[in-house]
Amino acid sequence: MLYAVSASVLWGLFPLYFKLLKEVPSFDIVVHRLFWSFVFLAVVLLWRRQWSWLGQALRRPLVVLSFLLSALLLSGNWTLYVWAVNDGRIVDTSLGYFMSPLMSVFMGYLILKERMRPLQWLAVCMALGAVLWLTVANGNLPWIALVIATTFALYGLLRKVAHLGALEGLSLETLLMLPLVLLVLGLDTWRGSNSFSSASLGVQLLLALAGPITAVPLLLFAQGARRIPLSMLGLMQYISPTIQLLTGVLLFDEPFTGHRAIGFCVIWLALAVYSAEGLWRFWRSRAQSAAGA
């Protein structure tokens, strides 16, 4: 549980890190995040002597294609998230990550043909109602939250059907993006617009830290996922957006009143229904197993 909680808390604190890099364009931050993540993960794999899986994975075109798609989705999610944080829209990003579990359930129904139970349908419909409410009340679609929730749910879907662990999967994603990353960095250097070389020493260190800052929470989460029930792991997904919401409202004075607060309350109620149903089924299953034993 400590592994999973630590990962969620670190993810929740990400806005504080990205605010320190406000002077760097969002796209450049993501490029450096991919590059330094690759460097960090390569060091970890070398230290653990864990390279045997790579040759097997690269010889399977479908595996390479699926991880290339997941890498592109993750990069797009990161770019929008970083831009929104530095544009003063942390609350919108937190809404996206609150919606993500329900979006994942709905995609499982649409794509994997998984059966949705009645209370899951209720939770998804409540989330849809909250989006419609926010759209009508504010006069525009909460597109940041929707894109973040959709891209992250699609990323989770691709990783669910993939056959590599967290460390190997993230390493392959960063490896597949490396040629594009090096091309971008090379062009920026040639044009004299490389954000890293023109930044102060402090900003350079922060950009280099993007590697472990990105990889460590993912590895902690993977360790926790192996040791605790999936229902409990699902509840811990809400720690991160809760911290982000509090950060946006309390530290950066983002508005959270009126129509926006009502929309969030409906999303929270939907998550409560979804989580309660999952916990009830988990404890019922355990009780039946204990009775059978």
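**View 1. R49 sits in the loop between helix α3 and helix α4 (residues 52-58).** In this predicted model, R49 has a positive phi of about 55 degrees, although R49 is not a glycine. Such a value deserves a second look, because most residues other than glycine have a negative phi. R49 is exposed, since its relative accessible area is 76%, and the cut-off for calling a residue exposed is over 50%.

**View 2. D253 lies in the loop between helix α13 and helix α14 (residues 258-292).** The residue D253 comes after α13 and has a positive phi, near 55 degrees, even though D253 is not a glycine. D253 has a relative accessible area of 65%, and therefore counts as exposed.

**View 3. Helix α13 covers residues 239-251.** How far does α13 reach from its first C-alpha to its last? The distance is 17 Å for these 13 residues, which is close to the 18 Å expected at 1.5 Å a residue. Several residues of this helix are hidden from the surface, and the buried residues of α13 are S240, P241, I243, Q244, L245, T247 and G248.

**View 4. S94 is found in helix α6 (residues 90-110).** Is S94 buried or exposed? S94 is buried, because its relative accessible area is 0%. Leaving aside neighbours within four places in sequence, S94 is in contact with P241, Q244, L245 and F264, and P241, Q244 and L245 are among the buried residues of α13. The C-alpha atom of S94 is separated by 8.9 Å from that of G248, although the two residues are 154 apart along the chain.

**View 5. Y238 has its place in the loop between helix α12 (residues 230-236) and helix α13.** With a relative accessible area of 11%, Y238 is buried, because buried means under 20%. When residues up to four places away in sequence are not counted, Y238 touches F98, P101, L271, Y274 and S275. Y238 and G12 are 226 residues apart in sequence, yet their C-alpha atoms are 9.5 Å apart in space.

**View 6. The largest nonpolar core has 45 residues.** Which members of this core touch the most other members? They are F18, L21, Y81 and L172, while the element that gives the most to the core is helix α5 (residues 61-86), with 11 residues. Apart from this core lies another one of 24 residues, and M107, A145, L146 and A149 are among them. As general background, nonpolar side chains tend to be buried together in soluble globular proteins.

**View 7. Helix α8 spans residues 143-161.** The 19 residues of α8 should span 27 Å at 1.5 Å a residue, and the end C-alpha atoms are 27 Å apart, so the two values agree.

**View 8. T214 lies in helix α11 (residues 210-225).** T214 counts as buried, because its relative accessibility is 2%. With residues up to four places away in sequence not counted, T214 touches R33, S37 and W78.

**View 9. The structure holds 1 cavity of 30 Å³ or more.** About 30 Å³ of space lies in the largest cavity. Which residues line this cavity? The lining is made of D28, V31, H32, V184, L185, D188, N194 and S195, and the elements that give two or more residues to it are α3 (residues 26-48) and α9 (residues 166-191). Sorted by class, the lining has 3 nonpolar, 3 polar and 2 charged residues.

Key: Residues numbered from 1 in each chain as written. Predicted model: local features only at pLDDT ≥ 70, side-chain atom pairs only at ≥ 80, totals over all residues. Heavy atoms only, no water. Core = buried A, V, L, I, M, F, W, Y, C linked by side-chain atoms within 4.5 Å. Buried < 20%, exposed > 50% of the residue type's maximum accessible area, 1.4 Å probe, protein only. Helix = DSSP H or I, 4+ residues; strand = E, 2+ residues; numbered from the N terminus. 1 Å grid on protein atoms, 1.4 Å probe; cavity = no way out; pocket = protein on both sides within 12 Å on 5 of 7 lines; lining within 4 Å. Points joined across faces, edges and corners; volume = space filled by probe spheres on them. Nonpolar A, V, L, I, M, F, W, Y, C, P; charged D, E, K, R; others polar. Contact = heavy atoms within 4.5 Å. Expected span 1.5 Å × (residues − 1).
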